[in-house]
Amino acid sequence: ALFNDSAFSICNKPIELLGQEPTIASDSWALPDAGYYGYRSEDGSYIICDAGLIAPDCIPGHAHGDIFSFELSLKGQRVIVDSGVYDYVPGEMRKYCRSTSAHNTVEINGRDQCEFWSVFRVARRGYPHDIIWKPDADGFCLSGWHDGYKRLPSGPIHHRTIAWGSSKGLEVRDRFKARRSITAVSRLHLHPDCRIISLRNQDALVEYSAGIFKIAFSGQGKLSLEDSFYCPEFGCKVPNIVLAYLFEGKESETVFTLVSQ
């Protein structure tokens, strides 16, 4: 996974560290101290969710605004991706890769979950609360809320529930409560190899190398496409497409599902 300042080809492979290939179980797993949760299926499908601190408070320089973001692979192919990291120098790409809009979570009022400045600095930041992890034989349900936007005048709270089942697919439910109306955008960053077959009302049909999947939103919002960059390695940026679901209100609830066809 490319959470925070992560890139491919910069670390040792497991066999080099362990002296043997690791045994990877097909099942749900949780690392609550690190804040990572997920599930791996026998067919190569894999989901990993970030529901922890953005970083240790004492050294947040490599943190991104990605509370409740996730990455998803289907049948061994990445389909929903983190934007990664492009560089470590001041500029628009460093700013973008750290931003909430570069991740598969919800941005409110065009602001980040945390106050990022300079190249490695973080001021006020969000914290996850009441994280509940419920695994089962087919997947898991993960829920919680974060206070990253309480610093705004409207003081909105974002609650997210992520439910995954090998046979059912993915369901993500977002709830918001604020003192005044807010504008929120839920984003899904598609891997560059994914292709939009159709975009109709609140549904998108997406083709990837191993098949087709459908993403369906429900709620009082509007679905559109945005252009972005996928940065799997330093100095590498590949154009990709983002599904963006925009909605407004003081209290609202939206749901999206992702199911293989």
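How much accessible surface does the chain have, and what percentage of it belongs to carbon and sulfur atoms? The accessible surface comes to about 12600 Å², and 51% of that belongs to carbon and sulfur atoms (areas come from the Shrake-Rupley method with a 1.4 Å probe, and for residues only the protein chains shown count as cover). Keep in mind that this is a predicted model, where local features need pLDDT of at least 70, side-chain atom pairs count only at pLDDT 80 or more, and totals for chains, interfaces and linings use all residues. Residues are numbered from 1 along each chain as its sequence is written, and side-chain values use heavy atoms, with hydrogens and water left out.

**Overall build**

- The chain's secondary structure comes to two helices and 17 strands (DSSP runs numbered from the N terminus: helices are H or I with at least four residues, strands are E with at least two).
- The radius of gyration is 18 Å, close to the 18 Å that the globule rule gives for 261 residues, so the chain is as compact as a globular protein of that length (the radius is taken over C-alpha atoms, and the rule is 2.2 Å times the number of residues to the power 0.38).
- Along its principal axes, the C-alpha trace spans about 55 × 40 × 35 Å.
- Of the 261 residues, 48% count as buried (buried is under 20% relative accessible area, exposed is over 50%, and partly exposed is in between, with a 1.4 Å probe and protein chains only).
- Take the contacts between residues at least 6 apart in sequence: 60% of them join residues at least 24 apart (contact means heavy atoms within 4.5 Å).

**The core**

- The largest nonpolar core has 47 residues (such a core is a set of buried Ala, Val, Leu, Ile, Met, Phe, Trp, Tyr and Cys residues joined through side-chain atoms within 4.5 Å).
- I47, F70, L72, I80, L170, F213 and I215 have the most contacts inside this core.
- Strand β12 (residues 169-189) gives the core its largest share, seven residues.
- Setting aside neighbours within four places in sequence, F70 is in contact with residues including F3, I47, I80, L170 and F256.

**Around Y208**

- Y208 sits in strand β14 (residues 203-208) and counts as buried because its relative accessibility is 7%.
- Beyond residues up to four places away in sequence, Y208 touches L74, K75, Q77, V79, D193, C194 and F213.
- L74 and Y208 are 134 residues apart in sequence, yet their C-alpha atoms are 9.2 Å apart in space.

**Salt bridges**

- Side chains of opposite charge can pair when their charged atoms come close.
- There are 13 salt bridges in the structure (a side-chain nitrogen of Lys or Arg within 4 Å of a carboxyl oxygen of Asp or Glu).
- R125 and D57 form one of 3.4 Å, N to O, and this pair links the loop between β8 (121-122) and β9 (128-135) to the loop between β3 (46-50) and β4 (70-74), 68 residues apart.
- D57 counts as partly exposed, at 42% relative accessibility.
- E207 pairs with R195, with the closest N and O atoms 2.6 Å apart; E207 lies in strand β14 and R195 in strand β13 (residues 195-200), so the pair ties together parts twelve residues apart in sequence.
- Both ends of that pair are partly exposed, E207 at 30% and R195 at 49%.
- K214 and D203 also pair, at 3.7 Å between the closest N and O atoms, with K214 in strand β15 (residues 211-218) and D203 in strand β14, eleven residues apart.
- K214 is partly exposed at 33% relative accessibility, and D203 is partly exposed at 28%.
- E171, R173, R175 and E253 are linked in a salt-bridge network.
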